[in-house]
Amino acid sequence: MTTLTWPLMLTCTLWTAWAAADGKEADSAIETSLLAGSCYGCHAATRGQQGVMPDLWQLSVEQVSARLTDYQRGDREATVMSRIASGYSEREIERLANYFGRATP
Ligand code: HEC
């Protein structure tokens with residue numbers, strides 16, 4: 001991990017917490033891409049990038065949605081994703097799944 005990566009990850013995580021705390025839900029396409037922006041501190045920002053983190057762009061809409069929901073419920077083992085996923089509403093998870101997910105896995 002480079003020294004710049006950790007501050008970036010912290011910023012993203014704090015943004016996630018702030019976004020969840022204000023009680024409003026993302027509704028427009030721009031707001032959805034802002035929501036997804038909080039994921040890029042760890043996951044690839046564009047399709048086709050290789051990295052050590054799970055590649056969200058390889059998952060189907062249903063897989064992204066189901067995994068985030070499982071993280072929220074504690075039904076899927078996680079180091080950080082259970083905490084992150086708990087900050088999103090059902091509607092926001094649907095928007096994130098549609099943003100990252102592919103039509104077919
Ligand atoms: C702090 C780093 C970090 C951030 C930020 C982050 N993730 Fe993750 N994500 C992980 C890690 C690490 C895993 C592997 C599971 C674990 O240990 O929590 C993971 C796993 C996942 C998985 C399951 C992938 C698979 O192939 O099973 C999904 C879906 C996911 N993240 C979605 C998201 C979304 C959507 C966001 C933004 C809202 C996000 N993540 C933000 C670190 C992060």
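**Notebook: helix α5 and its neighbours**

I started at the contact of α3 with α5, where V61, V64, S65, L68 and T69 in α3 meet I93, E94, L96, A97, N98 and F100 in α5. Sorting that contact by class, I get 7 nonpolar, 3 polar and 1 charged residues. A reminder to myself: this is a predicted model.

**Entry: geometry of α3 and α5.** I looked up the axes next. Helix α3 covers residues 61-73 and helix α5 covers residues 90-100; their axes come within 8 Å and cross at roughly 140°. That angle makes α3 oblique to α5. As for hand, the crossing in which α3 passes α5 is right-handed.

**Entry: the whole chain.** I stepped back to see the overall layout. The chain holds 5 helices and 0 strands, and from the N terminus on its elements read α-α-α-α-α. Of the 105 residues in the chain, 18% are buried. I also checked how far contacts reach along the sequence: among those between residues at least 6 apart, 64% join residues at least 24 apart.

**Entry: α2 against α5.** How do α2 and α5 lie relative to each other? Their axes come within 10 Å and cross at roughly 85°, and the two helices are therefore roughly perpendicular to each other. On the α2 side I find T32, L35 and A36, which meet E92, R95, L96, Y99 and F100 in α5. This contact of α2 with α5 divides into 5 nonpolar, 1 polar and 2 charged residues.

**Entry: the buried side of α5.** Which residues of α5 are buried? My list reads I93, R95, L96, A97 and F100. What covers them includes α2 and α3, so I kept a general point about helices beside this list: with 3.6 residues a turn in an α-helix, residues three or four places apart point the same way.

**Entry: I93.** I93 sits in helix α5, and I93 counts as buried because 20 other C-beta atoms lie within 10 Å; the cut-off for buried is 20 or more. Leaving out residues up to four places away in sequence, I93 touches S65, L68, T69 and Y88.

**Entry: around the ligand.** I moved on to the ligand, which 21 residues surround. The closest are C39, C42, P54, A78 and M81. Which helices each supply at least two residues of this shell? I find α1 (5-21), α3 and α4 (81-85). By class, the shell divides into 15 nonpolar, 5 polar and 1 charged residues.

**Entry: A44.** My last stop was in the loop between α2 (29-37) and α3, where A44 lies. Setting aside its neighbours within four places in sequence, I see A44 in contact with Q49, G51, D55 and W57. From A44 to P54 it is 10 residues along the chain, and the C-alpha atoms of the pair are separated by 8.4 Å. P54 was already in my notes, as one of the closest residues to the ligand.

Key
Residues are numbered from 1 along each chain as its sequence is written. This is a predicted model: local features need pLDDT of at least 70, side-chain atom pairs count only at pLDDT 80 or more; totals for chains, interfaces and linings use all residues. Axes are lines fitted to C-alpha atoms, for helices over the stretch in contact, and angles run from 0 to 180 degrees between N-to-C directions. Helices (H or I, at least four residues) and strands (E, at least two) are DSSP runs, numbered from the N terminus. Angles under 35 degrees count as roughly parallel, over 145 as roughly antiparallel, 65 to 115 as roughly perpendicular and the rest as oblique. A crossing is left-handed if the near helix is turned anticlockwise from the far one by less than a right angle, and right-handed if clockwise. Two residues are in contact if their C-beta atoms, placed from the backbone, lie within 7 Å. Ala, Val, Leu, Ile, Met, Phe, Trp, Tyr, Cys and Pro count as nonpolar, Asp, Glu, Lys and Arg as charged, and the others, Gly among them, as polar. A residue is near a molecule or strand if its C-beta atom, placed from the backbone, lies within 6 Å of it. A residue is buried if 20 or more other C-beta atoms lie within 10 Å of its own, exposed if 12 or fewer, and partly exposed in between; C-beta atoms are placed from the backbone.
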